[in-house]
Amino acid sequence: VHCEMPGSFEEESVGLQLWVNLAAKDKYCEPRNQDMKGTTIPVVEQDGVKVKVIAGGSLGVKSSTLTRTPTVYLDVIMEINRRGF
């Protein structure tokens with residue numbers, strides 16, 4: 001049985017879940033989750049691009065999120081008319 005109760009009744013909660021298909025050797029490992037507040041997610045800004053690094057790394061900044069499978073999960077905000085980073 002799988003049950004989660006994220007957040008609290010005292011403050012608004014906004015969350016996300018990322019489910020990753022594991023390598024065969026890790027399929028039956030103990031399941032786990034990692035909770036983090038938005039204030040603990042590393043943020044980097046460069047040349048009109050703002051990146052929240054949720055997992056993996058970007059622009060020289062690395063997340064503290066632990067993953068069994070190499071994962072990059074970013075929240076990217078770019079200035080209007082910006083083309084890549």
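Author: One definition to begin with: partly exposed lies between buried, under 20% relative accessible area, and exposed, over 50%. Also, this is a predicted model.

Reader: Fine. Is G48 buried, exposed or partly exposed?
Author: G48 has a relative accessible area of 23%, so it counts as partly exposed.

Reader: Where is G48 found?
Author: In the loop between strand 1 and strand 2.

Reader: Which residues does G48 touch, leaving out those up to four places away in sequence?
Author: I77, M78, E79 and R82.

Reader: And what separates the C-alpha atoms of G48 and N81?
Author: 9.9 Å, with the two residues 33 apart along the chain.

Reader: Where does D47 sit, and is it buried or exposed?
Author: D47 is in the loop between strand 1 (43-46) and strand 2 (49-55). Its relative accessible area is 56%, so D47 is exposed.

Reader: What about the phi of L59?
Author: L59 is not a glycine either, and its phi is positive, about 50°.

Reader: Which loop holds L59?
Author: The loop between strand 3 (57-58) and strand 4 (61-62).

Reader: Buried, exposed or partly exposed for L59?
Author: Partly exposed, because its relative accessibility is 29%.

Key
Residues numbered from 1 in each chain as written. Predicted model: local features only at pLDDT ≥ 70, side-chain atom pairs only at ≥ 80, totals over all residues. Heavy atoms only, no water. Helix = DSSP H or I, 4+ residues; strand = E, 2+ residues; numbered from the N terminus. Buried < 20%, exposed > 50% of the residue type's maximum accessible area, 1.4 Å probe, protein only. Contact = heavy atoms within 4.5 Å.
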